[in-house]
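The sequence and the structure are shown first, and the commentary follows.

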Amino acid sequence: MTGTFRIERDAFGPVEIPAGRYWGAQTQRALAVFEVGEERFPACLIHAVGLQKIAAARANLRLGVLPPDLAQAIETAAREVREGRFDDHFPLTVWQTGSGTQTNMTANEVIANRANELLGRPLGTKSPVHPNDHVNASQSSNDSFPTVMHLAAALEIDGRLLPAARALSAAFAAKAEEFADVVKIGRTHLMDAVPMTVGQGLDAFARMIAADVARLEAALPRLRLLPQGGTAVGSGLNAPEGFDRLFCEEAAALTGQPFLPNPSKFEGMGAHDALVEASGAMQVLAVSLIKIANDIRLLGSGPRCGLAEFVVPDDGLTSSIMPGKRNPTIAEVVAQTAFLAIGNHTAITMAGAAGTFELNVAKPVLIHALLQSVRILADGMRVFTEKLVRGLDVNRERLAANVANALLLATALNPVLGYDRVAQITARAVAENITPRQAAAELGLLSAEDYDRLVDAVAMTRPGAPRPVRR
């Protein structure tokens with residue numbers, strides 16, 4: 001040990017490790033090999049590594065693979081990893097062996113060094129706790145890292161993404177109720193159509209997100225099937241009988257989620273269809289968010305020269321050149337997070353298809369992309385809910401003026417006058433820039449009083465409302 005480095009040895013010889021760092025020789029060698037990019041796993045994945053090692057230590061203790069003193073030291077060290085105390089001691093980027101071996105090795109080294117420290121030994125001794133023989137007992141990187149992937153994905157989707165989506169759906173539902181009786185003109189092909197209510201449009205948003213929640217929830221049971229116990233290829237070599245079951249019992253106890261052994265470790269290690277499925281559900285959510293964000297941006301455009309039907313909350317930001325300009329920045333942020341999530345799904349799909357024989361070797365990029373999508377979509381929805389949707393208002397004067405001037409209110413007259421005569425009314429209204437009410441009177445088809453009686457914008461928004469009867 002020098003003031004700056006300590007020497008550790010592995011099967012290939014001595015390696016200098018920065019003093020005070022808990023990783024070991026294999027991690028240090030990997031740093032010199034994988035000099036690619038700067039992208040690192042999010043903290044939640046490192047914390048899931050800690051969770052995986054706690055559950056493994058407990059299962060090994062129950063099976064007699066580890067003595068109590070070593071199991072306890074490993075669990076204590078792994079718990080500190082789970083709590084985030086060693087995030088800075090996982091230095092590798094995402095770009096490493098496709099099985100995630102180097103991250104698993106880093107975990108083994110960090111936990112072994114910390115466990116030995118807890119037992120009064122200096123870093124680098126590998127005694128009495130050895131990174132491979134003890135921390136990695138009954139495991140392989142090939143089953144441990146995909147287990148970490150499932151743990152992290154399930155916990156992040158359940159604990160971060162779903163609550164944000166449910167809150168957004170609830171916020172839209174509340175706004176739909178608030179504006180249930182505010183009439184507006186619907187639009188198809190970007191052109192004026194027939195009346196609807198603001199509440200009906202917002203209710204559609206609420207239901208879109210609620211359906212996305214259901215899709216994500218449906219993917220969770222397969223994420224909760226863990227391949228731990230398959231070791232190298234799925235057969236379970238060197239893992240004692242029952243290790244997979246006990247591991248899942250411990251993971252469930254630690255998280256409160258119903259994790260279960262994957263009945264086919266070969267499927268869980270060679271393919272990652274469950275993760276691709278979850279990403280697919282997130283892609284649908286992203287599509288929903290883009291549609292919703294763009295509708296809000298357009299309906300709030302203005303404030304004087306656009307549609308200006310929605311009043312989007314002011315975020316306090318403005319233009320670098322136009323004083324007082326206000327932009328729908330939150331909606332733009334949400335759309336951008338969705339764009340990236342859709343791009344990530346392409347990477348995840350390709351990575352999921354990269355499984356060959358008994359091992360998928362694109363695990364790191366797959367889980368990095370998936371967890372990034374979870375994080376940005378969840379954060380985007382949270383900000384969207386808190387800073388835009390809950391403060392959304394409507395311009396009642398503009399909406400009322402649009403309804404009064406709408407050509408296609410005359411559609412309600414189809415059962416009375418027939419399609420062709422109503423087309424005459426709308427054509428006259430366009431040609432003379434007058435209201436359909438005036439056009440119907442000029443053509444002698446209806447009196448103004450009859451028009452008012454038959455054309456009720458509010459009634460037109462109600463499904464199943466009585467239709468005017470041809471006389």
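The model discussed here is predicted. Ser138 belongs to the loop between H5 and H6. Its phi is positive, at about 70°, although Ser138 is not a glycine. Most residues other than glycine have a negative phi, and most peptide bonds are trans.

Ala308 also has a positive phi without being a glycine, with a value near 55°. This alanine is located in the loop between H10 and E7. With a relative accessibility of 4%, Ala308 counts as buried.

## Two cis peptide bonds

The bond joining Ser127 and Pro128 is a cis peptide bond, and its omega is about 5°. Pro128 is placed in the loop between H4 and helix H5, the latter covering 131-135.

A cis peptide bond also runs from Gly302 to Pro303, here with omega near 10°. Pro303 lies in the loop between H10 and strand E7 (310-311). That loop between H10 and E7 is also where Ala308 is found.

Ala112 is part of helix H4, which spans residues 101-118. Is this alanine buried or exposed? Ala112 is buried, as its relative accessible area is 2%.

When residues up to four places away in sequence are not counted, Ala112 touches Val129, His130, Pro131 and Val135. Ala112 and Lys53 are 59 residues apart along the chain, and their C-alpha atoms are separated by 11 Å.

## Packing of H6 and H10

Helix H6 (residues 141-178) packs with helix H10 (residues 273-299) at an angle of about 25°, and the two axes are 12 Å apart. H6 and H10 are therefore roughly parallel to each other, because angles under 35 degrees fall in that class. Their crossing is left-handed.

On the H6 side, the contact is made by Met149, His150, Ala153, Ile157, Leu161, Leu168 and Phe172. H10 contributes Ala274, Leu275, Ala278, Met282, Leu285, Leu289, Ile292 and Ile296. Sorted by class, the contact of H6 with H10 consists of 14 nonpolar residues and 1 polar residue, with no charged residues.

## Packing of H11 and H12

How are the directions of helices H11 and H12 related? Helix H11 (residues 329-352) and helix H12 (residues 363-387) pack at an angle of about 160°, with 9 Å between their axes. This makes H11 roughly antiparallel to H12, because the class takes angles over 145 degrees. The crossing in which H11 passes H12 is left-handed.

The residues of H11 that meet H12 include Ile330, Val334, Leu340, Asn344 and Ile348. Among their counterparts in H12 are Val365, Leu370, Gln372, Ile376, Phe384 and Lys387. The contact of H11 with H12 divides into 16 nonpolar, 6 polar and 1 charged residues.

## Aromatic pairs

A pair of aromatic rings is described by the distance of the centres and the angle of the planes. In this model the count comes to 5 aromatic pairs. One of them is formed by Tyr22 and Phe86, whose ring centres are 4.9 Å apart and whose planes stand at 80°, so the pair is edge-to-face. The two residues are 64 residues apart and link distant parts of the chain: Tyr22 is in the loop between strand E2 (13-18) and helix H1 (25-33), whereas Phe86 is in the loop between helix H3 (68-82) and H4. Tyr22 counts as buried at 12% relative accessibility, and Phe86 is buried with a relative accessible area of 5%.

Phe172 and Phe205 make an edge-to-face pair as well, with 5.3 Å from centre to centre and 70° between the planes. Since Phe172 lies in helix H6 and Phe205 in helix H7 (residues 198-223), the pair ties together parts that are 33 residues apart in sequence. Both Phe172 and Phe205 are buried. Together with Phe384, these two residues form one aromatic cluster. Phe172 also takes part in the contact of H6 with H10, and Phe384 is one of the H12 residues that meet H11.

Key:
Residues numbered from 1 in each chain as written. Predicted model: local features only at pLDDT ≥ 70, side-chain atom pairs only at ≥ 80, totals over all residues. Heavy atoms only, no water. Axes fitted to C-alpha atoms, helices over the stretch in contact; angles between N-to-C directions. Helix = DSSP H or I, 4+ residues; strand = E, 2+ residues; numbered from the N terminus. Parallel < 35°, antiparallel > 145°, perpendicular 65-115°, else oblique. Left-handed = near helix turned anticlockwise from the far one by under 90°. Contact = heavy atoms within 4.5 Å. Nonpolar A, V, L, I, M, F, W, Y, C, P; charged D, E, K, R; others polar. Buried < 20%, exposed > 50% of the residue type's maximum accessible area, 1.4 Å probe, protein only. Phe/Tyr/Trp six-rings, centres within 6.5 Å; stacked < 30°, edge-to-face > 60°.
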